[in-house]
Structures are given as structure tokens and as C-alpha cells.
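Here are a few notes from going through the model, point by point. Have a look at it first, then read on.

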Amino acid sequence: MSILSVNAGSSSLKFALYPIEGAGIGEAEVTGNIEGLEPSGQPRISFCATGQNKASAPVVVKPEQDVFDTALDTLKGLLATRFTHLKVQAIAHRVVHGGSYFSSSVRVTSEVLTQLASLNALAPLHQPHNLAGIEAFAESFPDVAQIACFDTAFHRTLSPLETTFAIDRQLTEQGVRRYGFHGLSYQYVTQVLQRESPRSAGRTVMAHLGNGASVCATTQHQSRATTMGFSALDGLMMGTRSGALDPGVLLYLMEQGWGHDQIQKLLYKQSGLLGVSGESADMRTLRASSAAGSAAARFATDLFAHRVVREVGALSACIGGLDVLAFTGGIGEHDAVLRQQVCDALAYMGVHMDASRNTQATGDSVVAVHADNSEIEVWVVPTDEGRVAAQDALAFL
């Protein structure tokens, strides 16, 4: 028996197949990604099975076929021909927003889908695609349980002081509050830190840094404060998202004649690293451009680091200090320069990086990168949101 974990986005479908071993989840038998699902894209499936080299092949889409349905058929074919020994017992779906409806994983029904669809406006880059993926998988795998696993669930331990906005309380009672995101990633990193560092039960701050970025503070491995709020816009600047922004800016834009769609596009798709640099939303591209002399690229990466330092400091204050700092996500795992910048700026707190360990940490394994004399432990933890979703699905079943 196995659990298939999927993360459906606007242009890609990530998947991993985890065997059920006793009461737990084993190591993934196969992980993969189908990219190029956007209009006019060129779909391609890439996957890596245990003990084998990575394989890749184009997904052929006929003119009369839907690209997502074709991708799904390709995935089914892969499972049916290469992994017949692992019968899929459930499909675990990453869903960004559970709202006030769900604080733990749930089996998907039509009523559940309706409730989740009402939250589309709160995570327009993710939620609609997550739900479209669930519907497609439910149709393609009609006899398999579909389990929704929420990024917001990890933050159910936040106190009212953390979740409440200083607005009319009637709006708060309607669900306008802070929820927090990247919960599946934080749950996984927390599990790893529990195994690797006894100090992580104390005051821990985790930074999930990627195209989406946030910071979360925990004590006793439970979420106490986080940077994302009502939507996935708040807090850090991101690849194309603005992060925290004075609401007066939005009022100003409205006075200038900007409408809802124009503002939404600005905040979600034209801001962040892309907006500040005017060049790219990809940190790797900006590093290369900066090395080639681009002042705009250098400023964008420096601003990103500054925002991380600012939020780590703020969240540390909320939990009374800092014992462990962990980096995860695409940028957090692979950008040694960013990690060094952040830790250098936090030296006043007792954070000291070992430059050699930091440079050698490439995101392939869990690594401690702090210096021997550092008062704060610093870890690089490659995240595995799919594994957490599979664990949650198994626990639910």
C-alpha cells in the first residue's frame, strides 16, 4: 500500500509516492514533477525512482485533449507500469488555505470543495489550482480517498494576540484574521529538528525562503508567531509578491484610479524580487546579474536579506529570544550568500556562522552550519512537504 502526495500548481504538478510501512510512511519510492502545464507550454515529466537515475520525457498532448488531463494520464501510466507493487491507498493534496473551516486534514467531499473554493481570493496563485488538481484526481482515481492537507493547519496553535488584526471586531468574527502559511514545510522542519537538535524544543525560528517566503517562530515545536497572515501576501518580500505593505499605498493607488484586478496583479505578480530588480524573480539569476555588475539586482537581493533579518528579529522577540535558526525552501537551502548575510546581521544575538560549513551546505542533506562558538544553532533543512502530507493522510485514514 502507498500514498500518493501531489501539489498541483498553475504550471506544474509535483508528486511523490510513499510506501506505507507499519503505522508510518517510508522513504519515497519515486518523486517527480510535470512542468509546462500553462497555456502554450511544452509539458514534460521528470521523475526519479529509488536507486535509479533521473528520467525525463515529453508529455504528448493532442489538439483535442486537455493538458492537465493528459498529464494525469501520463502519471497514471507511470504508476501502472513502473510501480505496480505499490497500490495507491490515498492521494494527499497540498492545499494552501483551510480558512476557519479546517484546522487538520480532511477527506474531500463536494461540500469541502465548496468551502475551500470560497477561499480562492485569499490565495489566488495557489488555491484554485490546488482545488482543480483535487477534482481532476478524484475523477481519474474514483475509488481512492482524496485527502486535503492544509498549509494553515500547523498554525492552529497561534494565540488570539497573533491572529487578531486591529480592526472592527465584527470583521474579525467573520474570519478576517491571520492564518499563517507554509505549514506543511514547517511541520517537516520541526520533525527534523526534533531529531537533530534537543535545543529546538526551546525558542526556534524557521525561515522558509523561496518564490514564496515566510518566517515562523516556535516553542515546544508549536507555532507561536509567523509572518504571513490573512493571505499569502504578508511579511517577507518574495519572488513576485510584495510582502508587508502600508495599506495606505493601496488607498493611494485606488485614488489614482487603480482597480481590483490591477492591484492584485501588482501585489502578486509584479512585486518582490522581480518588481524591485526589474530583471527577474529568480534569486539565482539575480546573483549572476549582480556579479556581472547590476546594481538593481544587488539591491533586490540585499533588500530580501534585510527583510529576513527584520522578521527574524521581530519573531524572536515574540518568543523571548532565540536558540535555533533554520533555513529551508529553495533559496534557504541553496543560497549560501543569503544565509551568511542574515547570520552576519544577527551576530548581535550570538549567531555565528561557520563559513566553510555554510558554503558546503548545498540543500542535499540536513546540515548544521553554525560555528562552534555560536550561541545559536543554525541549520539548513531541505524541506519535504509531500512527506508531511502523506503522513497526515495516513493519520487521517
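1. Helices (H or I, at least four residues) and strands (E, at least two) are DSSP runs here, numbered from the N terminus. Keep in mind that this is a predicted model.

2. With that in hand, go to the loop between strand 11 (213–219) and strand 12 (222–226), where you'll find Gln-220. Its phi is near 50 degrees, a positive value in a residue other than glycine. Most residues other than glycine have a negative phi. Gln-220 is exposed, at 55% relative accessible area.

3. His-221 sits in the loop between strand 11 and strand 12 too. Phi of His-221 is near 65 degrees, again positive in a non-glycine residue. Is His-221 buried or exposed? With 19% relative accessibility, His-221 counts as buried, because the cut-off for buried is under 20%.

4. Now for Asp-151, which carries the UniProt annotation "active site", taken from an unreviewed entry. You'll find Asp-151 in the loop between strand 9 (145–150) and helix 4 (160–163). The relative accessible area of Asp-151 is 1%, so this residue is buried.

5. Which residues gather in a patch of negative charge on the surface? They are Asp-66, Asp-69, Asp-73 and Glu-139. Asp-66 belongs to the loop between strand 6 (55–58) and helix 1 (67–82). Asp-66 is partly exposed, with a relative accessible area of 41%, and it clears the patch cut-off because that asks for over 30%.

Technical notes. Residues are numbered from 1 along each chain as its sequence is written. This is a predicted model: local features need pLDDT of at least 70, side-chain atom pairs count only at pLDDT 80 or more; totals for chains, interfaces and linings use all residues. Side-chain values use heavy atoms; hydrogens and water are left out. Patches are made of residues with over 30% relative accessible area and no salt bridge: like charges are joined within 9 Å, nonpolar side chains (Val, Leu, Ile, Met, Phe, Trp, Tyr) within 5 Å. Accessible areas come from the Shrake-Rupley method with a 1.4 Å probe; for residues, only the protein chains shown count as cover. A salt bridge is a side-chain nitrogen of Lys or Arg within 4 Å of a carboxyl oxygen of Asp or Glu. Lys and Arg count as positive and Asp and Glu as negative; His and the chain ends are not counted. The place of a charge is taken as NZ of Lys, CZ of Arg, CG of Asp or CD of Glu. Buried means under 20% relative accessible area, exposed over 50%, partly exposed in between (1.4 Å probe, protein chains only). UniProt positions are given in the numbering used here, feature names are shortened, and annotations may be inferred rather than shown by experiment.
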